[in-house]
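Please look over the sequence and structure below, and then read the briefing that follows, which is grouped by topic for a reader who is new to them.

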Amino acid sequence: LHSTSRRQRQMCIRDRIWVLCPVCNNKTRTKIRKDTELVNFPLFCPKCKKENLVTIKNGITTIIKEPDA
């Protein structure tokens, strides 16, 4: 049925990291794996209430477009 063991599932969960807000550096509600690449992703921060268009590659977040004030 499930070919992954409990230990493998726990390792997958541990490999996930929180995406930090590029404005205030707090955790967002988004988690990604270390090998995830996001392009033109709308990242919302619940702390500073801002949404930024970002690209994430190799764990490095780059703001593409900041929201209009």
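Phenylalanine 44 is part of strand β3, where strands (E, at least two residues) and helices (H or I, at least four) are DSSP runs numbered from the N terminus. This is a predicted model, in which local features need pLDDT of at least 70, side-chain atom pairs count only at pLDDT 80 or more, and totals for chains, interfaces and linings use all residues. Residues are numbered from 1 along each chain as its sequence is written, and side-chain values use heavy atoms, with hydrogens and water left out.

**Phenylalanine 44**
- Phenylalanine 44 has a relative accessible area of 35% and is therefore partly exposed, a class between buried (under 20%) and exposed (over 50%), with a 1.4 Å probe and protein chains only.
- Leaving out residues up to four places away in sequence, Phenylalanine 44 touches Thr28, Arg29, Lys49, Lys50 and Glu51, contact being heavy atoms within 4.5 Å.
- From C-alpha to C-alpha, phenylalanine 44 and arginine 29 are 7.9 Å apart, although 15 residues separate them in sequence.

**Nonpolar core**
- Val19, Ile32, Leu38, Leu43, Val54 and Ile56 form the largest nonpolar core, that is, a set of buried Ala, Val, Leu, Ile, Met, Phe, Trp, Tyr and Cys residues joined through side-chain atoms within 4.5 Å.
- The elements giving two or more residues to this core are β3 (38-45) and β4 (50-57).
- Apart from its neighbours within four places in sequence, leucine 38 contacts Ile32, Val54, Thr55 and Ile56.

**Whole protein**
- Of its 69 residues, 16% count as buried.
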